[in-house]
Amino acid sequence: MTRLSPGDTIGILGGGQLARMLALAAAPLGLRCHIYAPEGDNPAFQVAAAHTVAAYEDAAALARFAGAVQAITYEFENVPAAAAAQLAALAPLRPGATALAVTQDRLTEKRFIHAEGLATAPFVPVESLADLRAGLDRLGVPAILKTRRFGYDGKGQVLIGSAAEAEAAFAAIGAAPAILEGMVRFSRELSVLIARGLDGETACFAICENEHRHHILHRTTAPARIQPALVTDAERLAARLATALDYVGVLAVELFLAHADHGEAELVVNELAPRVHNSGHWTIEACHSSQFEQHIRAVAGWPLGNPAMRCASASMINLIGDEVSQWPALLAEPGAALHLYGKAETRPGRKMGHVTRLQNGH
Ligand SMILES: Nc1ncnc2c1ncn2[C@@H]1O[C@H](COP(=O)(O)OP(=O)(O)O)[C@@H](O)[C@H]1O
Ligand SMILES: [Mg+2]
């Protein structure tokens with residue numbers, strides 16, 4: 001079990017804002033980052049010690065990259081399995097290939113969550129239009145059809161309001177292997193970010209509450225306004241999932257606060273992300289160790305830091321597309337922590353930056 005030394009280099013697959021914030025968190029700990037991404041001009045390249053521009057299918061480039069770093073991690077879950085297997089044989093890959101395999105596929109992920117005894121939306125696998133029709137019969141409408149792989153920010157999903165929409169919905173997702181999910185009636189969306197170290201220690205951040213707009217995260221506030229018993233439940237289920245995956249790093253667990261017919265609140269697991277997560281950006285200013293620092297510490301094989309908050313509460317708002325033009329006003333606002341990701345081009349729906357505000361900070 002390799003533990004890194006100060007001056008060592010962590011390889012990161014993917015060059016977006018998550019990799020950028022990981023590299024920024026590695027620097028104070030004396031660790032370097034080497035970013036591997038398939039196209040040039042990435043936000044993370046601007047702040048990392050080294051970068052490689054090559055495809056995830058380029059075995060020679062992957063081998064050179066693995067030879068230049070002491071541990072490897074990633075900022076996205078769609079790392080091709082072949083690349084993950086090759087890299088894992090050459091350097092410690094943290095989190096490991098199992099975490100990737102489970103979370104890359106919504107069906108595998110849901111089955112894994114069930115096997116751990118936790119609740120998910122009701123679901124059926126869909127390989128054909130006939131499966132979809134049978135699934136709609138069983139789960140009823142409305143229901144959501146989601147591709148098993150490559151979905152994010154609501155992409156690869158269709159809401160089905162009536163059985164008559166089945167054919168169009170299946171066509172809309174390109175007749176790809178999918179799952180059909182029954183709708184969960186929830187009052188809030190929550191997430192729990194947990195760090196797990198190489199020796200199995202875990203540390204949870206405060207549970208946070210997420211609001212989406214147009215399927216993209218808009219605002220996260222922490223701590224979530226939920227009963228203490230639910231906080232304990234959320235922490236337990238996150239630790240259970242992380243341990244079952246033999247996980248090293250930060251794991252994000254998206255939850256629904258659902259209400260059964262008899263009115264009792266219940267946590268239902270929506271999805272997992274084997275990486276740092278947009279709903280944890282507030283931890284940079286609000287916690288003693290941020291999600292990025294925790295992930296770097298875990299990947300390095302170092303002890304975890306303290307995830308406790310330094311303030312009463314925090315909120316983070318994403319700057320999507322043109323919203324980034326508000327930056328001069330945000331910069332002038334006392335106490336607002338502005339983050340701009342260094343993306344050259346503003347596009348609708350693109351995450352350009354975020355702003356965090358603390359309440360009763362000290
Ligand atoms: N089964 C469900 N019941 C109710 N709402 C859902 C369900 N699945 C997804 N949603 C809504 O759609 C959003 C995006 O779905 P999610 O599975 O998290 O995909 P993505 O990968 O796009 O984040 C969720 O945050 C939630 O608001
Ligand atoms: Mg989601």
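## Two histidines in a loop

Histidine 214 counts as exposed because its relative accessibility is 73%; here buried means under 20% relative accessible area, exposed over 50% and partly exposed in between, with a 1.4 Å probe and protein chains only. Histidine 214 sits in the loop between β11 (208-213) and β12 (216-222). Helices (H or I, at least four residues) and strands (E, at least two) are DSSP runs, numbered from the N terminus. Histidine 215 is found in that loop between β11 and β12 too, and at 56% relative accessibility histidine 215 counts as exposed.

Now for the backbone. Histidine 214 isn't a glycine, yet its phi is positive, about 50 degrees. Histidine 215, also not a glycine, has a positive phi of about 70 degrees. Most residues other than glycine have a negative phi, and most peptide bonds are trans.

## About the model

This is a predicted model: local features need pLDDT of at least 70, side-chain atom pairs count only at pLDDT 80 or more, and totals for chains, interfaces and linings use all residues. Residues are numbered from 1 along each chain as its sequence is written, chains are lettered from A and ligands numbered from 1 in the order in which they are written, and side-chain values use heavy atoms, leaving out hydrogens and water.

## Two cis prolines

Arginine 94 and proline 95 are joined by a cis peptide bond, with omega about -10 degrees. Proline 95 is in the loop between α3 (81-90) and α4 (97-103).

Valine 141 to proline 142 is a cis peptide bond as well, with omega near -5 degrees. You'll find proline 142 in the loop between α6 (129-139) and β6 (143-147).

## Helix α8

Which residues of α8 are buried? They are Leu230, Ala234, Leu237, Ala238, Leu241 and Ala242. Seen down the axis of α8, these fall within an arc of 130 degrees, so they line one face of the helix; the arc is that of the directions from the helix axis to the C-beta atoms. They pack against α5 (106-115), β9 (186-196), β13 (249-259) and β14 (265-273), where contact means heavy atoms within 4.5 Å.

Exposed Pro228 and Arg236 are on the face of α8 turned away from its buried side. After α8 comes aspartate 246, with a positive phi near 50 degrees.

## An exposed leucine

Leucine 331 belongs to helix α11 (residues 327-332). At 56% relative accessibility, leucine 331 counts as exposed.
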